[in-house]
Amino acid sequence: MGVMTINRKRPEECMNVNHTNSDSPRKRPKFLAKPVPSAASAVARLSRYPEAKQPLAREVHAPCRSRKFELARSSARVSANGAMGNFLVANYEKAKRSALAKCRFVLEKGKEVIDVDAAESEEPRFGSCEDSSVEEARGDGDKVVVRRRQQQSTSAFDSELTNGELKVVSGGRVLGSETRDLSSVHVYRKLLEGVGRRNDAIQRLNFEIELNEKRLDTYNLMRPKKELVEEQEVPQEPFVDLTSEEEDEVERAFSANRWSILVTHENSNIEITGEKFQCLRLTGWLNDEVINLYLALLKEREQREPQKFLKCHFFNTFFYKKLISGANGYDFKSVRRWTSQRKLGYSLLECDKIFVPIHQEIHWCLAVINKKDKKFQYLDSMKGEDKSVLDKLAQYFADEVNDKTGKDIDVNSWKKEFVKDLPVQENGYDCGVFMIKYADFYSRGLELCFNQKNMSYFRRRTAREILRLKAE
């Protein structure tokens with residue numbers, strides 16, 4: 001069963017203080033008359049509850065954004081708080097104005113400290129953007145960069161102090177009121193000194209350049225002038241192409257029987273068989289018979305046309321071997337009769353050049369006794385050098401002169417030259433062709449104006465000249 005409650009107004013009699021309930025054994029009045037409290041009880045009661053204190057005002061510990069109407073807010077703040085204004089805000093404003101009046105550059109690691117005083121010492125006016133400006137100092141290695149940002153002005157100054165020099169870069173528009181006079185500061189003096197040092201360095205470099213140019217001109221004047229040597233035209237005669245008939249003649253000789261005698265040279269008593277003739281093919285090594293016969297043909301060419309060619313003598317390939325066959329590596333007596341005038345038909349000492357083939361085991365070279373220019377020359381198609389060859393030829397020529405004329409000749413003053421400006425071979429089998437062509441061009445009085453590409457032609461040309469026993 002539930003309990004039912006009835007909400008209704010109490011009768012007025014219930015509000016009567018004199019009304020008693022008959023059901024309750026104790027009948028007490030609902031509202032009793034309160035006794036009048038005494039003064040001592042009131043004080044004791046009030047001392048238990050302390051008097052409420054006014055809450056502390058909020059303190060500002062960081063700079064605030066500038067207000068648009070600073071004058072009005074400042075007036076209101078002064079009027080509201082009176083002399084008890086915000087102490088921290090006042091101190092912050094004062095410190096910021098002092099910082100803006102003086103810009104201090106601090107250099108790290110014992111560098112010089114420079115103070116730049118502001119040109120304007122007056123207090124900033126309310127409403128200007130000076131109070132809202134912010135300065136930042138950032139160290140970067142050997143330099144300190146000070147940056148300044150302002151709201152109304154878009155100007156940005158980056159001041160860099162490097163090695164005692166100040167560089168000011170303006171990144172935007174500078175207000176006239178913010179321009180500061182730095183002419184009396186040590187920074188500008190150091191800047192001017194740095195510029196002066198640079199100017200001195202530039203002037204010194206310019207002076208050195210002019211001095212070296214004058215020295216170069218002087219050296220050029222003192223240097224002996226090289227004679228303008230006209231480039232000698234390549235003669236056509238040593239490079240005349242073979243006709244078709246001559247080409248066929250050479251091919252038939254290459255195809256001849258190896259034992260058949262192709263030609264015989266009576267003056268030198270040399271016979272060329274088909275087998276010996278094969279050395280004139282593209283990859284053949286020239287043998288003694290072919291070389292000696294060709295050199296003999298060069299001598300006969302000179303005798304036919306003495307006005308066209310130099311007077312030369314061509315030793316055969318056995319001369320140098322005989323000369324160095326002695327016990328001490330030199331034997332003049334073994335070759336003494338090789339050059340008698342009765343045998344040669346002319347005096348050896350009358351020749352302008354004397355050619356001596358040198359066989360270095362498997363390589364052909366050429367030595368020249370150049371009586372015309374008074375020097376001994378050594379030509380190697382592989383640019384080798386053999387000083388002993390020139391020494392023995394110098395001794396031979398002195399002995400030859402003494403034997404034929406009874407006079408002594410001083411060959412020590414003659415130059416010994418290893419010719420370097422000469423054509424070189426690019427394979428291992430053309431050294432003999434290079435050697436006979438050195439002799440051919442020198443006997444013509446020409447420079448060595450040929451190269452490896454001409455070797456194939458020179459082989460066919462030499463074959464034709466041997467077959468016809470006539471050098472051209």
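Hi everyone, let's start at Lys374, which is found in the loop between β11 and β12; helices (H or I, at least four residues) and strands (E, at least two) are DSSP runs, numbered from the N terminus. This is a predicted model, where local features need pLDDT of at least 70, side-chain atom pairs count only at pLDDT 80 or more, and totals for chains, interfaces and linings use all residues. Residues are numbered from 1 along each chain as its sequence is written, and side-chain values use heavy atoms, with hydrogens and water left out.

Lys374 is not a glycine, yet has a positive phi of about 55°. Most residues other than glycine have a negative phi. Lys374 is exposed, at 53% relative accessible area (exposed is over 50%, buried under 20%, partly exposed in between, with a 1.4 Å probe and protein chains only).

Leu469, in the segment after α12 (455-468), also has a positive phi of about 55° without being a glycine. Leu469 is partly exposed, at 27%.

Now the sheet. Its 5 strands form an open, mixed sheet in the order β9-β10-β11-β12-β13; two strands pair if DSSP finds at least two bridges between them. β9 (312-314) and β13 (415-418) are the edges, each with a single partner strand, so one side of each has no neighbour in the sheet. Strand β12 (residues 375-379) runs parallel to β13, joined by 4 bridges, and Gln377 stands opposite Glu417 in β13.

Helix α10 (residues 387-405) packs on the sheet, touching β10 (353-360), β11 (363-370), β12 and β13; contact means heavy atoms within 4.5 Å. Thanks, everyone!

Methods. Axes are lines fitted to C-alpha atoms, for helices over the stretch in contact, and angles run from 0 to 180 degrees between N-to-C directions.
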